[in-house]
Amino acid sequence: MGFNILTICYIIGSVTFILGLKMLSNPASARRGNLIAAAGMLVAIIGTIFLYRNTETGEHLHNYTWIFGGLLIGSVIGTLAARKVKMTAMPEMVSLFNGMGGACAALISLVEFNHISGELAVNNSSEYVNSIQPTVLIIVLGLIIGSVSFAGSMIAWGKLNGKVKDFSFTGQNILNLILLAVALGAGVYLVIHPANSFLLYGILALSLMYGVLFVMPIGGADMPVVISLLNSFTGVAAACGGFLYDNKVMLTGGILVGAAGTLLTILMCKAMNRSLINVLVGSFGGNSNSASATGGKDQGHYKEISLSDAAMVMSYANKVMIVPGYGLAVAQAQHACHELEKVLNEKGVEVKYAIHPVAGRMPGHMNVLLAEADVSYEKLQEMEQANDEFKTTDVVLILGANDVVNPAAKNDAASPIYGMPILEVELAKNIIVNKRSMKPGYAGIENDLFFRPKTSMLFGDAKKVLQDLLGEIKNV
Amino acid sequence: MQNVLQWITTNQQIIYIVILMIFVGIEVIGRVPSVLHTPLMSGANAIHGVVIIGAIIVMGKAETDNYLALILGFLAVILGTLNVVGGFVVTDRMLEMFKSKKK
């Protein structure tokens, strides 16, 4: 009876996951979708705790103190961390949570293998070995994928919050491939000869190393793609758990995320007009030498604009478009930005925002950030709309965006970002660029835009500049 | 080889589920606007937290004197819960912002 109810719990869980994902891909229903998936997850978890029976012995679960202790600790820390984290730091939070899931899958594999080697010590007959080989295969797969996902996510997390710097050396890709091949080879050997339990720890170490080295050379701007990919890895690792326990909710949930995550990764790459291979093999990192060579050529001079001049130009404009970028997010300048919009509106200036799909550190990052500051949805223009609007725009104010407005993506075939759709800010009459310095953006390449006659530079931290600009505009 | 074929036959249900789920996963998010990429990734991240169920089973089956299994299982439960709870809460926070701007 109880076990049958558990089956129903799992069916509910699987259906809510599918529904939840479906609703998450539509702005109107996204929030409900998330809650529905969460509710399904709760049903599946509670069902497992109270109704699960060991298929061999028919026993209920025990160690309830440990289970509830773990659940409680995890829930408290998870809720606090997710509530406290700043809007700008959300991408790295997602990466961190993803890593936790990967580690969880890897730990399950370790414990299950430990269990099997215990049995093997007693019964080493070839029939028994044969019968457990598929299980060992799943365990090894779960371990490899889970630990790669864990190690990779930790590095991605470190990179996004600036603790880990990009690091690459020649032959790194080859070393990575060798590491992976050795780990897989050891895995195959272990499946054939499951008695060599020490190999499992070797595989664990190799997979962790591979995860670290795999993410290390990839630039910070590509982290969203990497996190999305690792996200789908963890999904597959969770599905391995589903195989292991013949548990349909883990299987469906895991595979669902594995498939959706892979597609999402590809969609993200498409938004940047790059291929996944290109991101992973690190063309940005790899080509940086040639890029800086072209960047080293004399590009002439850029001109600076004073705050009061900028204020003047903007106050007397008919239409101002604001192009937010990562600089806005770092400086937490979204509120100041909204203030500026309001002050300009009072002066009869039309203000809109041009949002590049990959501005910031994650697709949709800018939308979330500006929404936090109560910027109205209608004012956010997507790339195609914005490019139509620039023709009639008097002033474009670029706040800490760089690569997404780099004309090299359109007209320099040698540029690593060539082919990426950009915001064509040059169609506007004036361009004011706020940056902290002349340092290149994440792609590591110079931006010709800054040296064009229409462009003037306004150096400084985005928040401070905006606040000063506000004061000046009020005085105009 | 015999083993493998045998295994496929006994597990055909699971194999069917996997194949169908791959298509469902792709189909379900095929038309997501780029604005929702981040929340969707975060939501998917929370859903793969379903691995917590495996952790609960490992923990619940561990013999009370097998400390290695107990400790690793306990860690797994904590990490899995972090993934689930943190994942759903972060996603909700992101989407909360989307809702407020619709007004």
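So, what percentage of the 476 residues in chain A is buried? It's 52%, where buried takes 20 or more other C-beta atoms within 10 Å of a residue's own, with C-beta atoms placed from the backbone.

Quick housekeeping. This is a predicted model, so to speak of local features we need pLDDT of at least 70, and side-chain atom pairs count only at pLDDT 80 or more, while totals for chains, interfaces and linings use all residues. Residues are numbered from 1 along each chain as its sequence is written, and chains are lettered from A and ligands numbered from 1 in the order in which they are written.

On confidence, the model scores ipTM 0.93 and pTM 0.79. Chain B averages a pLDDT of 88, pLDDT being the predictor's confidence in each residue, from 0 to 100. Among chain B's elements, helix α4 (residues 51-61) has the highest mean, 94, and helix α1 (residues 2-10) the lowest, 82.

Back to chain A. It has 19 helices and 6 strands; those are DSSP runs, H or I of at least four residues for helices, E of at least two for strands, numbered from the N terminus. Its C-alpha atoms fill a box of roughly 85 × 50 × 30 Å along the principal axes.

Now the largest nonpolar core, with 192 residues. That's a set of buried Ala, Val, Leu, Ile, Met, Phe, Trp, Tyr and Cys joined through C-beta atoms within 7 Å. Helix α5 (residues 126-160) of chain A gives the most to this core, 17 residues. Leu256(A) is one of the members touching the most others. Leaving out residues up to four places away in sequence, Leu256(A) touches residues including Phe17(A), Met21(B) and Ile47(B), a contact being C-beta atoms, placed from the backbone, within 7 Å.

Note on methods:
A residue is buried if 20 or more other C-beta atoms lie within 10 Å of its own, exposed if 12 or fewer, and partly exposed in between; C-beta atoms are placed from the backbone. Two residues are in contact if their C-beta atoms, placed from the backbone, lie within 7 Å.
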